[in-house]
Each structure stands twice: as structure tokens, then as C-alpha cells.
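Open the model in your viewer and keep the selection panel at hand.

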Amino acid sequence: MHVELHPVYAGTRAGDTARDLTSACVHCGFCLATCPTYLDSRDERDSPRGRIYLIKQLLETGEASEQTQTHLDRCLTCLNCETTCPSGMRYGRLLDIGRGLVQQQVSRSAYSKMLRWLLRNVLSRPQLFAALLAMGQAVRPLLPGALRNKIPRRQVRKPLPTGQQPRRMLVLEGCAQSAATPNTNDAARRVLDRLGITLISAPGAGCCGAVNYHLAAHDDGLDNMRRNIDAWWPYIESGAEAIVNCASGCGAMLVEYGELLAHDGAYAEKAKRVSQLTRDIGEVLLPEDLDKLAINTAVGRVAVHTPCTLQHALGLNSLVPELLERAGFELATTTDEHLCCGSAGTYSILQASISERLRDQKLRALTGDAPALIATANVGCQLHMQAVADRPVVHWIELLDTAK
Ligand code: SF4
Ligand code: SF4
């Protein structure tokens, strides 16, 4: 697709990058068949190709309408379209730029601004989020059903390993995950400890930047990334083998640090190194001997939900099923594995009705074979599905944290 940049964008980094990215699209429309929002609305403007056209229009006219903003907002950034596209379109990168440019052109209602501000400033601050969540959990039993379901129950934590193992890796504590599902990283610490690896939390590290960056607050997102790099760098220099994450949504952001900070002379090289060192917890376990863990696999059939970020952003489609099968778990048959559960970071709050329809479809696809539980790899998906699921939804690493 050829783009003639409007003078307002000509010679700007965002404009030039968006033009180059857009040129990869050959309008074939293959991506429509796998786009959850297009399948939901059947409106071309809610498809990848339609959104690429809307961004092209903005780049050429220098103007965007509320309609453009609405259709870009409705994108889940699930990146199903990138997996499908035969032309190698980097749609997610283009969408982030497009959302940033639209944000400069189109004002939002006071309510929308406030909600986005709250999401960015609460979710990306783990201590604040944890305090608010604890208050919500305290009054949870008194709340009406729909609201009660949105607040996850407080998890009961088990002791953490106390010794130091010969191998050391950094861990991303995350923001929502550290407060809402602390058992996930706890389980990772215990499992890796039994395999001779200690996970280190760097004081000062925090949100990976995804909440801000994907809500078009690019400068704040980049600041989150620089803060994490500063916190991790001394540990990297002293030999930490990897930066491990147990939330694929965060992992998908970490692998982009190198590209997003490539223009920053002070951080470009460090950001590239951080991206190279980033590993999903499953990637760390792949080369390990899981027999050493003597896992209790008698939990019934497990339905695996591979989050979009794990399959479409990181290209690790088979990672979780492969590990669980190797560990001895019986997997349930599932369908439509490529489709998003509707969580998509803050999407479940900002686009609640589409998100809920997608969740219902996903739960039907996961539970047709009557599994005893659902295992996923991302906190957002876990909480979103657990709110209405009629069986437990866990992070898969918790399943490996059980002894016979
Ligand atoms: S599949 Fe790729 S090239 Fe084809 S319309 Fe979609 S984004 Fe464009
Ligand atoms: S990222 Fe997902 S929702 Fe957005 S256009 Fe691509 S397939 Fe559709």
C-alpha cells in the first residue's frame, strides 16, 4: 500500500516508520478471516485491513475522526492478523503508532480520559494496585455478583525457597500479576529452585511499560522501560543469565525494548540486551529435566489456553502444551486455539461487551472436552476467564509446583 505522507508527518520518525510499515500491506484481506473483532462486527473498519486504511488516511490527510479512534480502540492487539498475513505486515507496531497519532488529533470525553488515566496510573503502580485490590478483596463478599466476579480472590501463599542456587536469573515481578496472582511467580521460584536456579527481583523494577505504551502514552511507557533497564543493568553486568517473565503480555513488551528505544543513545544498546535476555518461564524450562520435579499430575484433564501474546507476538504456540505433556499431564482437546479470550490488557474494561462475547466463545472452545481445569500463561487472560469460568483457571507453572 503506497502512502504519500502529509507534510505534518513527513520527516518525522512516527510518520516515516508508519509509512514503511503500511507499504507491506497488499490489501489481500486474508487477515479478515482470523480477526476476532471483524468476525464479531463484520465491519471492515474493525478488521486489520480496514484499520490499516484508516491509518493510511490519517497519514495522508493529517486528520482523524472519532470514527477512526473508535475502530482503532476496538482492536485487541491480539496480533492474530500478523500470524495470518502472507506479506509479513507488522500490524501491531503500526497500530501503536496510529493510536499515538490519533490521540494527538481527537479529544476524548472526560469520562474516557479519566478511565484511561486511572488504568495507566493504577495498573502500572504495583503497590497502589495491590492496596486497592486488598480493599476490594476485603469487601468482596458484600458486593453484587457481577462486580464480585471482577475482583479475584486473595491467593493463599506458600513458603518461598530460602537458599541460593548456582544459577541466577532476574524475574519481572509485573504489576497486576504481583498483586492479583502472586502464586504464579512464587511457583516459578520454587520450581526453578528445584532445578538449581534462583530468581532475583531487582529493587526499583516495575511495570514493563505495556499498560502505558498500548494506551498511547508512549513517553510514559518508554520511561517505564528505562527505569527497568536501570534496575536490571547491575545484575546483568554481574552475570544474570536471563530476564524471566511469567506473563506473556509482559514478555511481548520486553522483547520490543530494543526496537522501541533504538533511537535513545543512552539506552539503545542496553535495551537491545534486555530484549535478547528476555525469556518466558516456559523457555527456561524447555531444556530442563522435568522428571527431577516429581510432579503430581493426577489433577484431571487440563485445557491449555495459549495467550495471543505467547502465540502471535512471541511465536511460542506449542510451548505450554509441550511442557505439560512432557511433565505427564493429560491434555483436553480444545478448538479455535488462535482466537483471543477478549482480555487483551485493559481491553476487558475499555471494550467490555466485545470482550465478554469473546470470552464466552473462548470458554466454550476450551471446555468442550470437559477438562478439570484451564491453564494459561498470562495473568490478564487468567483473571478474565476466572471471573466467569465454572472450573479453576491457573497459570500452568502452578501445575508444575506440586510434588507427588
Ligand atoms: S493479510 Fe496482510 S497484506 Fe493482506 S490485507 Fe491483511 S495485513 Fe494486508
Ligand atoms: S490485532 Fe487482533 S483484533 Fe486487532 S486487527 Fe489484528 S486480528 Fe484484529
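A cavity here is a set of grid points, taken over the protein atoms alone, where a 1.4 Å probe fits but cannot get out. In this predicted model, two cavities reach 30 Å³ or more.

**First stop.** Select Cys25, Cys31, Ile52, Cys85 and Met89, which lie nearest the centre of the largest cavity. The lining there consists of 16 residues, and the space comes to about 130 Å³. Colour α3 and α5, the elements that each give two or more residues to this lining; α3 has the largest share, with three residues. By class, the lining has 11 nonpolar, three polar and two charged residues.

Now show ligand 1, which takes up the space of the largest cavity. Around ligand 1 are 13 residues, the closest being Cys25, Cys28, Gly29, Cys31 and Cys85. This shell has nine nonpolar residues, three polar and one charged.

**Second stop.** Move to the second largest cavity, of about 70 Å³. Among the residues lining it are Pro36, Thr37, Pro48, Leu76, Leu79, Asn80 and Tyr91. At least two lining residues come from each of α2, α3 and α5. Nine of the lining residues are nonpolar, two polar and one charged.

Which ligand sits in the second largest cavity? Ligand 2 does. Select Cys35, Arg51, Cys75, Cys78 and Cys81, which come nearest to ligand 2 out of the 13 residues around it. To finish, highlight α2 (36-41), α3 (48-61) and α5 (80-84), each of which gives two or more residues to that shell.

Notes
Residues numbered from 1 in each chain as written. Chains lettered and ligands numbered in written order. Predicted model: local features only at pLDDT ≥ 70, side-chain atom pairs only at ≥ 80, totals over all residues. Heavy atoms only, no water. Near = heavy atom within 4 Å. 1 Å grid on protein atoms, 1.4 Å probe; cavity = no way out; pocket = protein on both sides within 12 Å on 5 of 7 lines; lining within 4 Å. Sits in = over half its atoms within 2 Å of the grid points. Helix = DSSP H or I, 4+ residues; strand = E, 2+ residues; numbered from the N terminus. Nonpolar A, V, L, I, M, F, W, Y, C, P; charged D, E, K, R; others polar. Points joined across faces, edges and corners; volume = space filled by probe spheres on them.
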